[in-house]
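Here's a quick briefing on side-chain contacts, meant for reading with the structure open beside you.

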Amino acid sequence: MGLFGGMMGNASGVDPQAAAKEFGRLLAQGEQIHAAYQLIRDSLIFTDRRLILVDKQGVTGRKIEYHSYPYRSITHFSVETAGTFDLDAELKFWVSSMPEPVSHQFGKGVDVYEVQALLSTFVAR
């Protein structure tokens with residue numbers, strides 16, 4: 001992913017095995033990563049049990065906040081594809097305890113239909 005795309009908040013795909021090496025200690029026993037996306041410092045990780053958002057904070061990024069959303073708490077979601085002038089695709093999902101959606105943008109290198117399929121598979125169980 002280019003630096004400009006990362007600065008604009010666009011996520012790009014990451015190999016699930018590389019994500020498992022970096023974030024393996026966050027996973028429960030037997031939990032597997034199915035897909036991962038990386039911003040410059042932040043990450044979105046889709047496991048077979050939950051969606052994990054990794055928020056690196058501060059100048060150095062040493063302070064990290066991990067948000068874990070079990071799929072059963074996601075009430076609904078939307079995916080917006082990129083357009084002619086708007087080159088970003090967007091994911092929004094609503095959690096039962098939050099009135100406002102959580103939102104993330106994806107660069108044109110990410111197949112937003114794959115993201116939608118992942119959520120459909122896990123949320124609609």
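Predicted model: local features only at pLDDT ≥ 70, side-chain atom pairs only at ≥ 80, totals over all residues.

**Salt bridges**

- Lys-56 and Glu-22 join up through their side chains, with 3.8 Å from N to O. They sit 34 residues apart, with Lys-56 in strand 4 (residues 50-57) and Glu-22 in helix 2 (residues 16-23), so this pair links distant parts of the chain.
- Both partners are partly exposed: Lys-56 has a relative accessible area of 22%, and Glu-22 comes in at 43%.
- Arg-50 makes a salt bridge with Glu-31, and here the closest N and O atoms are 2.8 Å apart. Arg-50 belongs to strand 4 and Glu-31 to the loop between helix 2 and strand 2 (33-38), so the contact ties together parts 19 residues apart in sequence.
- Arg-50 counts as buried because its relative accessible area is 17%, under the 20% cut-off. Glu-31 is buried too, at 7%.

**Aromatic pairs**

- One of the pairs is Tyr-37 with Phe-46: the ring centres are 6.0 Å apart and the planes stand at 90°, so it's edge-to-face. Tyr-37 and Phe-46 are both buried.
- Tyr-71 and Phe-122 are stacked, at 4.9 Å centre to centre with 10° between the planes. This pair also bridges distant parts of the chain: Tyr-71 is in the loop between strand 5 (63-70) and strand 6 (74-80), while Phe-122 is in helix 3 (residues 112-123), 51 residues away.
- Tyr-71 is buried at 4% relative accessibility, and Phe-122 is buried at 6%.

Technical notes
Residues numbered from 1 in each chain as written. Heavy atoms only, no water. Salt bridge = Lys/Arg side-chain N within 4 Å of Asp/Glu carboxyl O. Helix = DSSP H or I, 4+ residues; strand = E, 2+ residues; numbered from the N terminus. Buried < 20%, exposed > 50% of the residue type's maximum accessible area, 1.4 Å probe, protein only. Phe/Tyr/Trp six-rings, centres within 6.5 Å; stacked < 30°, edge-to-face > 60°.
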